Amino acid sequence: MARLAVAAGFDVVLSNSRGPETLAGLAGELGSRARAATPAEAAAADLVVVSVPFHAHRQLQVEALAGKVVLDTNNYYPERDGHFAELDEDRLTSAELEQRHLGTAKVVKVFNNIFFRHLASLPRPAGAVDRTALTIAGDDAQAKRAVTEFLDAIGYDAVDVGPLAESWRVQPGQPAYGPPYGSFSDPTGTPASADTVRAAVADAKR
């Protein structure tokens with residue numbers, strides 16, 4: 001994602017739980033538009049991407065992310081994250097739990113249902129016949145517009161699946177989680193149009 005953003009002309013701030021020095025090599029590889037920093041510094045960006053194991057979402061800095069557009073790429077895997085009753089009983093989605101923790105931040109679920117190698121290989125210019133669409137979900141219309149514009153800039157269309165409560169449709173185990181973009185064994189993936197992605201979303205079942 002950082003590579004795509006830099007290629008599209010965005011400035012990127014990278015952070016992790018281990019410290020900026022552990023990202024210096026990657027930042028250098030990405031070039032002058034990228035730098036490594038602390039989580040608090042990364043949270044000052046216009047768009048903040050959160051990619052952590054779901055159980056770690058409770059460690060996100062609420063005050064630093066207040067009012068920010070937060071791109072939630074996370075997925076809930078009980079075997080890794082432990083069990084959350086609200087999720088196991090389908091009372092909430094993982095994105096809703098993250099939104100609950102972050103308070104005034106504007107969470108948009110995106111990038112969670114595509115293999116990272118496919119994400120890197122499938123961008124296409126606007127208007128391309130083989131342009132791929134990614135799903136988004138969120139409760140704030142303005143935040144979703146900002147994310148849609150970002151996706152467009154890095155080479156993707158957007159399919160809005162609705163509020164965060166509907167993001168279960170693109171969670172692990174659902175038809176839109178992975179298959180529209182090809183097999184994990186194929187590093188290049190398969191372009192998936194907006195219609196293809198919408199059909200997969202529509203086939204979701206609980």
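## A sheet with helices packed on it

Helix H8 lies across strands E3, E4, E5, E6 and E7, and its direction runs at about 165° to that of E6. H9 also packs on the sheet, where it touches E6 and E7 and makes an angle of about 50° with E6. Angles here run from 0 to 180 degrees between N-to-C directions, with axes fitted as lines to C-alpha atoms, for helices over the stretch in contact. Contact means heavy atoms within 4.5 Å. Helices (H or I, at least four residues) and strands (E, at least two) are DSSP runs, numbered from the N terminus.

This is a predicted model: local features need pLDDT of at least 70 and side-chain atom pairs count only at pLDDT 80 or more, while totals for chains, interfaces and linings use all residues. Residues are numbered from 1 along each chain as its sequence is written, and side-chain values use heavy atoms, with hydrogens and water left out.

### The sheet

The strands follow the order E3-E4-E5-E6-E7 in an open sheet of 5 strands with mixed pairing; two strands pair if DSSP finds at least two bridges between them. Strand E3 (47–50) and strand E7 (157–160) are the edge strands, each with a single partner, so one side of each has no neighbour in the sheet. On average, and with direction ignored, neighbouring strands are turned by 30° against each other.

E3 and E4 run in the parallel sense, joined over 4 bridges, and the bridge partner of valine 49 in E4 is leucine 71. E4 and E5 are also parallel, over 4 bridges. Here leucine 71 faces valine 108 of E5, and valine 69 stands opposite lysine 106 of E5.

In a regular strand the side chains alternate between the two faces of the sheet. E4 is covered on both faces, with Val69 and Leu71 buried on one side and Val70 and Asp72 buried on the other. Buried means under 20% relative accessible area, exposed over 50% and partly exposed in between (1.4 Å probe, protein chains only).

Helix H6 (residues 94–102) has Ser94, Ala95, Leu97, Glu98, Gln99 and Leu102 buried. What do the buried residues of H6 pack against? They meet E3, E4, helix H5 (85–88) and E5. After H6 comes glycine 103, with a positive phi near 65°.

### The cores

In soluble globular proteins, nonpolar side chains tend to be buried together. A nonpolar core is a set of buried Ala, Val, Leu, Ile, Met, Phe, Trp, Tyr and Cys residues joined through side-chain atoms within 4.5 Å. The largest one has 38 residues, of which Phe111, Leu134, Val147, Leu151 and Tyr156 touch the most other members. Elements giving two or more residues to this core include H1, E1, helix H2 (24–30) and helix H9 (194–202), and H8 gives the most, with 5 residues. Beyond its neighbours within four places in sequence, tyrosine 156 has contacts that include Leu4, Ile114, His118, Leu134 and Leu151. A second, separate core holds 11 residues, among them Ala43, Leu60, Leu102 and Val107.

### Arginine 131

Arginine 131 sits in the loop between helix H7 (116–121) and strand E6 (133–138). Is arginine 131 buried or exposed? Its relative accessible area is 6%, so arginine 131 counts as buried.

| Side chain | Backbone oxygen | Distance |
|---|---|---|
| Arginine 131 | Proline 125 | 3.4 Å |
| Arginine 131 | Glycine 155 | 3.4 Å |

### Aromatic pairs

The whole structure holds 6 aromatic pairs. Rings of Phe, Tyr and Trp (its six-membered ring) pair if their centres lie within 6.5 Å; planes under 30 degrees apart count as stacked, over 60 as edge-to-face and the rest as tilted. Phenylalanine 10 and phenylalanine 150 make an edge-to-face pair, 5.1 Å centre to centre with 70° between the planes. This pair spans 140 residues of the chain, from the loop between helix H1 (2–7) and strand E1 (12–14) to helix H8 (residues 141–154). Phenylalanine 10 is partly exposed at 30% relative accessible area, whereas phenylalanine 150 is buried at 8%.

Tyrosine 76 and phenylalanine 84 have ring centres 5.8 Å apart and planes at 90°, so this pair is edge-to-face. Tyrosine 76 and phenylalanine 84 are both buried, and ring pairs join Phe54, Tyr76 and Phe84 into a cluster.

Note on methods. Polar contact = N/O pair within 3.5 Å; in protein donor to acceptor, adjacent residues only side chain to side chain.
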